[in-house]
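Okay, thanks everyone, I'll keep this short. Let me put the structure up and then we can walk through it together.

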Amino acid sequence: MNAQEMRDKTPDQLREELANLKKESFNLRFQQATGQLESTAGIKAARRNAARVKTILNEKAAAAASEE
């Protein structure tokens, strides 16, 4: 999912997406620790997507604060 698609979502949907990404990141780290992970690229992608969601949430919060 790209940043523009995320910007179209509501903050509640973004928080849910962030929770899912954190769970995915945990599962990937757990697989890596037990030696079951085949490709480590998923860890980096999950971290970057979580950071992207956090950035968009902060942008939305700043926009809401400036409107008031």
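Let's start with Lys9, which is partly exposed, with a relative accessible area of 22%. Just so we're clear, this is a predicted model. What does the Lys9 side chain meet? It meets the side chain of Glu17 in a salt bridge, at 3.9 Å, N to O. The cut-off here is 4 Å, so this pair counts as a salt bridge.

How many salt bridges does a search of the whole structure find? It comes back with 3. Another one is between Arg7 and Glu59, whose side chains meet at 3.2 Å, N to O. I like this pair, since it links distant parts of the chain: Arg7 is in helix H1, residues 3–7, while Glu59 is in helix H3, and they're 52 residues apart. As for accessibility, Arg7 is partly exposed at 36%, and Glu59 is partly exposed too, at 37%.

Then there's Asp12 with Arg15, where the closest N and O atoms are 3.0 Å apart. Asp12 counts as exposed at 58%, whereas Arg15, at 48%, counts as partly exposed.

Staying in helix H2, which runs over residues 11–33, look at Phe26 and Phe30, 4 residues apart, again about one turn. Stacked or tilted? The ring centres are 6.1 Å apart and the planes are at 35°, so the pair is tilted. Stacked would need planes under 30 degrees apart. The count of aromatic pairs comes to 1. Phe26 itself is partly exposed, at 46% relative accessibility.

Now over to helix H3, residues 41–67, where you'll find Arg48. Arg48 belongs to a positive surface patch, together with Lys44, Arg47 and Arg52.

Also in H3 is Ala46. Buried or exposed? At 2% relative accessibility, Ala46 counts as buried.

Last stop is the loop between H2 and H3, where Ser39 lies. Ser39 is partly exposed, with a relative accessible area of 44%. From Ser39 to Leu28 is 9.5 Å, C-alpha to C-alpha, and the two are 11 residues apart in sequence.

That's my tour, so over to you for comments.

Note on methods: Residues are numbered from 1 along each chain as its sequence is written. This is a predicted model: local features need pLDDT of at least 70, side-chain atom pairs count only at pLDDT 80 or more; totals for chains, interfaces and linings use all residues. Side-chain values use heavy atoms; hydrogens and water are left out. Rings of Phe, Tyr and Trp (its six-membered ring) pair if their centres lie within 6.5 Å; planes under 30 degrees apart count as stacked, over 60 as edge-to-face and the rest as tilted. Helices (H or I, at least four residues) and strands (E, at least two) are DSSP runs, numbered from the N terminus. Buried means under 20% relative accessible area, exposed over 50%, partly exposed in between (1.4 Å probe, protein chains only). Patches are made of residues with over 30% relative accessible area and no salt bridge: like charges are joined within 9 Å, nonpolar side chains (Val, Leu, Ile, Met, Phe, Trp, Tyr) within 5 Å. Accessible areas come from the Shrake-Rupley method with a 1.4 Å probe; for residues, only the protein chains shown count as cover. Lys and Arg count as positive and Asp and Glu as negative; His and the chain ends are not counted. The place of a charge is taken as NZ of Lys, CZ of Arg, CG of Asp or CD of Glu.
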